[in-house]
Amino acid sequence: MVGSIEVMNRNLYSNGGVQNGNGLEEKLDELRRLLGKADGDPLRIVGVGAGAWGSVFAALLQDSYGQFREKVQIRIWRRAGKAVDRATAEHLFEVINSREDVLRRLIRRCAYLKYVEARLGDRTLYADEILKDGFCLNMIETPLCPLKVVTNLQEAVWDADIVVNGLPSTETRDVFEEISHYWKERLTVPIIISLAKGIEAALQPVPHIITPTQMINRATGIPMDNILYLGGPNIASEIYNKEYANARICGAEKWRKPVAKFLRQPHFVVWDNSDLVTHEVMGGLKNVYAIGAGMTAALTNESATSKSVYFAHCTSEMIFITHLLAEEPEKLAGPLLADTYVTLLKGRNAWYGQMLAKGELSRDMGENISGKGMIQGVSAVGAFYELLSQSSLSVLHPEENKPVAPVELCPILKTLYKILITREQSSHAILQALRDETLNDPRERIEIAQSHAFYRPSLLSLP
């Protein structure tokens with residue numbers, strides 16, 4: 001198997017500092033015991049995908065547990081061959097020279113010269129190459145610790161005990177189908193932690209959604225009891241810079257509680273929750289509505305009043321949609337509400353909406369934006385709209401007293417679809433939707449949703 005692995009010279013980095021290991025080894029030993037790891041056989045953790053959050057997640061684990069090299073091995077896979085453009089190389093050089101700790105580290109590792117050459121245009125850098133030095137292409141202004149990078153997928157995953165899915169939802173199925181070929185003869189069942197946010201819509205045999213954890217389950221045959229979802233609220237760069245944050249890991253009790261304990265850090269508190277469906281669907285929905293939030297902010301010059309009106313309507317649509325999918329969904333409160341808030345406030349999808357509204361980006365530029373990565377909210381808009389426009393899912397309209405497709409009660413989702421997918425309207429349409437005098441009180445939408453008759457188990461392929 002061909003690949004590239006970078007072996008770290010130092011055990012621990014945390015933006016230049018060394019962490020206190022108190023209690024970490026005990027948590028590591030406990031998880032090793034639960035997984036049946038023998039002495040001398042390291043716990044193998046692999047991140048698949050090296051976007052901002054996937055890279056930060058791997059770096060957090062490396063910072064915490066990398067010192068226990070005989071007990072744990074932490075690596076990250078990303079595809080080889082992604083070139084760093086000249087402008088990004090120049091900016092990266094500025095970042096390096098603004099951080100004395102990073103500069104000294106690169107000089108000590110004899111890695112600084114290549115960044116000088118790239119700055120001068122004498123050399124091309126590659127994303128997997130700079131990731132070894134702690135630079136994520138989607139987040140170069142936040143240097144991470146050096147990471148062990150593997151560019152061969154088979155080498156990365158074939159014996160992994162824990163796989164962290166850091167891929168966009170649009171890539172999850174294909175990559176895990178490839179991974180399944182490498183797992184055909186394995187005797188143990190890995191734990192998978194999915195960070196992906198987004199859904200696919202399938203219309204046959206009945207309309208239903210497919211979440212990233214379901215994609216992984218179907219691609220690999222790994223039982224759902226071993227597949228977890230980790231959701232925010234979080235902004236990757238802020239978490240690595242030790243801004244206080246919390247998260248929820250969702251799934252079956254068998255693994256969510258021990259994994260939550262393993263991941264918990266003083267500045268990153270991880271709780272556990274059984275409602276995988278609501279958290280994963282909300283993870284996709286928040287990206288949908290974050291694009292509209294960015295548009296609203298840009299078009300109203302950051303009007304707090306306009307943004308609050310948007311927030312009221314979009315959260316009511318989110319509650320409406322989750323009640324279609326779960327009989328007793330987790331309430332949009334606490335961490336779930338906070339995750340929505342931070343994504344609407346400051347995230348790549350909100351940024352994308354702002355740039356579209358300002359005319360600094362166009363839809364013709366695609367959804368994979370240089371320096372930001374995949375804007376997952378765009379595909380999620382299409383998936384949710386397609387699903388909720390099916391007449392077979394009809395609900396009773398509160399005023400017209402006739403059956404309508406659920407999307408007819410989601411005016412913001414409809415408007416985003418016309419802006420982003422069919423492109424028949426401009427970004428200004430989002431304000432027109434908010435200012436529609438016939439728009440119902442958001443409370444009415446929530447009251448409709450909370451009727452148990454509203455639940456559609458078929459949307460999750462349930463009987």
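These legends walk through several close-up views of a predicted model.

**View 1**
Start with the open sheet, which has eight strands in the order E3-E2-E1-E4-E5-E8-E9-E10 and mixed pairing. E3 and strand E10 (268–273) stand at its edges, and each has a single partner strand, so one side of each is left without a neighbour in the sheet. As background for this view, strands of a sheet pair through backbone hydrogen bonds, either parallel or antiparallel.

**View 1. Strand E2 and its two partners.**
Here we move in on strand E2, which covers residues 72–77. Five of its six residues are buried, so the strand is largely enclosed by the rest of the structure. On one pairing, strand E1 (residues 43–48) runs parallel to E2 over six bridges. To find this pairing, look for Val46, which stands opposite Arg75 in E2. Strand E3 (residues 149–150) is also parallel to E2, and two bridges join them. There, Ile76 has Val149 of E3 as its bridge partner.

**View 2. From strand to helix and back to strand.**
Follow the chain through E1, helix H2 (residues 52–65) and E2, and you trace a right-handed β-α-β unit. E1 and E2, the two strands of this unit, are the pair joined in the parallel sense by six bridges.

The side chains of Lys71 and Asp29 form a salt bridge, with 2.9 Å from N to O. Lys71 belongs to the loop between H2 and E2, while Asp29 sits in helix H1 (residues 24–34), so the pair ties together parts that are 42 residues apart in sequence. How accessible are the two partners? Lys71 is partly exposed at 24% relative accessibility, and Asp29 is partly exposed too, with a relative accessible area of 31%.

How many salt bridges does the model contain? The count comes to 25, and this view picks out two of them. In one, the side chains of Asp41 and Arg44 meet at 2.7 Å, N to O. Asp41 is partly exposed, with a relative accessible area of 26%, whereas Arg44 is buried at 18%. In the other, the closest N and O atoms of Glu90 and Arg86 are 3.2 Å apart. This pair lies within helix H3 (residues 86–98), where being four residues apart separates Glu90 and Arg86 by about one helical turn. Glu90 is partly exposed at 25% relative accessibility, and Arg86 is partly exposed at 45%. Elsewhere, salt bridges with shared partners link Arg109, Lys114, Glu117, Arg123, Glu129 and Asp133 into one network.

In soluble globular proteins, nonpolar side chains tend to be buried together. In this model the largest nonpolar core has 58 residues, of which Tyr289, Tyr310, Ile321, Leu413 and Leu416 touch the most other members. Among the elements that give two or more residues to this core are helix H12 (276–299), helix H13 (304–325) and helix H17 (411–420). H12 gives the most, with nine residues. For a closer look, centre on Leu416: leaving aside its neighbours within four places in sequence, Leu416 is in contact with Val288, Tyr289, Gly292, Met295, Tyr310, Val381, Ile421 and Ile430. A second, separate core holds 46 residues, including Leu31, Ile45, Ile74 and Leu144.

**View 3. Cysteines without a disulfide.**
How many disulfides does the structure hold? The number is zero. Cys314 is in no disulfide, and its nearest cysteine sulfur, that of Cys410, lies 11 Å away. Cys314 counts as buried at 0% relative accessibility. Cys250 is buried as well, with a relative accessible area of 0%.

Terms used
Residues are numbered from 1 along each chain as its sequence is written. This is a predicted model: local features need pLDDT of at least 70, side-chain atom pairs count only at pLDDT 80 or more; totals for chains, interfaces and linings use all residues. Side-chain values use heavy atoms; hydrogens and water are left out. Buried means under 20% relative accessible area, exposed over 50%, partly exposed in between (1.4 Å probe, protein chains only). Two strands pair if DSSP finds at least two bridges between them. A crossover is right-handed if, with the strands pointing away from the viewer, the path from the first strand over the helix to the second runs clockwise. A salt bridge is a side-chain nitrogen of Lys or Arg within 4 Å of a carboxyl oxygen of Asp or Glu. A nonpolar core is a set of buried Ala, Val, Leu, Ile, Met, Phe, Trp, Tyr and Cys residues joined through side-chain atoms within 4.5 Å. Contact means heavy atoms within 4.5 Å. A disulfide is a pair of cysteine sulfur atoms within 2.5 Å.
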